[in-house]
Amino acid sequence: STTESKKHISIQRQLAELEKLADLNEGEFTLAVSQNTDLHKKPCPLCPEEKFKACYGHKLHRHLQNLHWKISVEFEGYRMCICHLPCRLVKPNLVGDQTFSKMGAHYHCIICSATIARRTDMIGHINRHVNKGETESRFITAPAPKSSHEVLKESDTDVQVLPNYSTPQKTDSYFNPKMKLNRQLIFCALAVLAEERKPIECLDAFGATGIMGLQWAKHLRSSVKVTINDCNENSVTMIQENCHLNKMKVKLNAKEEDNDEALGGGEQNTDTIEVTKMDANVIMHMRSFDFIHLDPFGTSVNYLDSAFRNVRNLGIVSLTSTDISSLYAKAQHVALRHYGCNIVRTEYYKELAARIVIAAVARAAARCNKGIEVLLAVALEHFVLVVVRVLRGPSPADDSAKKVRYLIHCQWCEERIFQKESNMVEENPYQQLPCDCHGSMPGKTAVVLGPLWSGALFNTGFLRRMLFEAVQYGLDETQPLLKTLVCEAECTTLKNFSTHSPYDENKQEECGVYIKTPDTSAESCVLHGKKNNEVVRNAAKRQKSDNSAEHPAFYYNIHRHSIKGMNMPKLNKFLNYLSEAGYRVSRTHFDPMGVRTNAPLAQFKTILVKYSTPTYTGGQAEGPLHLTEDVHMGDQVPAAADGKAGDAEFLEDDKSGDTATMFTNDCPTHCAAD
């Protein structure tokens, strides 16, 4: 056909068609053939004469079959054979006074006529065409079926997605259903900010499908002015289609596109979403926002300076980091390159990751003469989410910068402590650690990690209001996690958790009323009725850190400090034992078997041994074990109730199958009653 005659000669359906091309081109090489005085030699149609000389038919057949036809890329019945013709010139090489232009082997794309050098790159190039729905070639007469967009629904919001939407390398509009919890947490944080002041301008810097910004506009409506940005043109088009799908007006390039047809004959929605197409750094430098969310693919350190440049005072910056391989100490060299932190794998690696990100945020904010107040830090399997409030001024910036410190970590017993705030060189840094592993063990036993954020990771008042908003909007999946975070922030157990609403107190008064929360930070006072920003700003300036009220840093994994041959008490009972001993204690969302407490590790192990029972009693009486006095912690021998000594000894890791089974059945993922 005429359309097929326009395609490149390297794109054929059958090997016989390539052999016919040799006969067709034979007239062009009549002069060369006559000089060789052999009329039966034929040139290769896909190789220049200096690369493959004319040969007999059987040799040409083997050449076409073993080189061009075998090394090809298939697509819808066609083969894109490798081509050696001078279609693609590589960079010339200068040798002496002569210039040699090398001809590079390449493939011709059947869809867009691009020339690709490598076969693997050509396969990926074709797959990207397929993922974008561009499967109809100009050379193929039969039309290819168009890929239909799949419509997904989340939190009463519909979004269209392209094929392979969950693989960022294969699609322009990335959508991960596993990040639903992350999106709900960010929505709750924005809802709390919307209660403080209205309206607020919020930015979703990496829109992709626009699901997050659509949820903001659909549920918070006139309280927010949503801007969704993406630098990819296909993603921007997809965001506009999703806005129309959810009956939203689109504001693009300062022009509103009314989609009255999409609204139908029902009620009209006056909500407008602004969609922009530019680099995230550019839009954050150009405009000011009250709420900014960063969710790039990988690390977000490249966008922190721009985010804090124009964010408004007392605004909120939230960022989601998905580079967990570096943050969770699997790629330590990448963490050093991106965050400037030295880390190792520890039992508290998830909280370590959160403090690494917050330290990078604090340094970026300080460069812009701004301080931060950490409202929320969550580290789960797929992401690390950090939400901070911005406090403008050099004084808050200095206070935040002072909280970025180094951590001393004992690799033998996993004890840890932040270095003291001092510029003087310590003669013996091991003295700062509560343990004495350096004296009893040979060699160097501790490492210096960081710099890390040493301040609080949670704000109790803000978390309680987030929980209230989650209940108001019916976000059932987020409520258990928020309850765990509130208990973790207050360092208390779930049985002491109060479910009263933070907005219920002083509900009768409507103007200038503060709601008191257990927190002493700027979030402890929420102004209702007439929102006086000056009062809120002064409250933030008067903020003073109360170290005694902050939750203890880091946590201990009960399995990490388990005892061989002993059945440990159930986790919730063990929390009660620590609380009865006078220590603050709570569970943590970072680790389902973790215990956050201000008890030293030595006391932690002492109480754990005291209430453990032998796996094989052997006729011994049941009950808690009692430790012999005047025995070093590393050499403790638990004694049974009848006076017989047990065999328990401390191990680095608990690999007992019975113990693991017991805790798996007893402890849920999030904080729950025993």
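In which sense, left-handed or right-handed, does α17 pass α18 in their crossing? Point 4 returns to this pair.

1. Overall composition. The structure is a predicted model. Its chain comprises 674 residues, of which 49% are buried. The secondary structure amounts to 22 helices and 30 strands. Of the contacts between residues at least 6 apart in sequence, 64% link residues at least 24 apart.

2. The sheet of β1, β2 and β3. Three strands form an open sheet in the order β1-β3-β2, with antiparallel pairing. β1 (11-12) and β2 (72-75) are the edge strands; each has a single partner strand, so one side of each lacks a neighbour in the sheet. Two bridges connect β1 with strand β3 (residues 78-81) in the antiparallel sense. Within this pairing, Ile11 has Met80 of β3 as its bridge partner. Helix α4 (residues 57-69) packs on the sheet and touches β1, β2 and β3, its direction making about 90° with that of β3. Helix α5 (residues 119-131) also packs on the sheet, where it touches β2 and β3; its direction makes about 15° with that of β2.

3. The sheet of β19, β20 and β21. A further open sheet of three strands has antiparallel pairing and the order β20-β19-β21. Its edge strands, β20 (416-418) and β21 (446-453), each pair on one side only. On average, neighbouring strands of this sheet are turned by 25° against each other, direction ignored. Strand β19 (residues 404-410) and β21 run antiparallel and are joined by six bridges. His409 has Val447 in β21 as its bridge partner. Helix α14 (residues 349-367) lies across β19, β20 and β21 and runs at about 50° to β21.

4. The helix pair α17 and α18. Two packed helices are described by the angle between their axes and the distance between the axes. For helix α17 (residues 460-472) and helix α18 (residues 479-490), the angle is about 165° and the axes are 9 Å apart. The two helices, α17 and α18, are therefore roughly antiparallel to each other. As to the opening question, α17 passes α18 in a left-handed crossing. Residues of α17 that make the contact include Leu463, Met466, Leu467 and Val471, while those of α18 include Leu482, Leu485, Val486 and Ala489.

How values were computed:
Residues numbered from 1 in each chain as written. Predicted model: local features only at pLDDT ≥ 70, side-chain atom pairs only at ≥ 80, totals over all residues. Heavy atoms only, no water. Helix = DSSP H or I, 4+ residues; strand = E, 2+ residues; numbered from the N terminus. Buried < 20%, exposed > 50% of the residue type's maximum accessible area, 1.4 Å probe, protein only. Contact = heavy atoms within 4.5 Å. Pairing = 2+ DSSP bridges. Axes fitted to C-alpha atoms, helices over the stretch in contact; angles between N-to-C directions. Parallel < 35°, antiparallel > 145°, perpendicular 65-115°, else oblique. Left-handed = near helix turned anticlockwise from the far one by under 90°.
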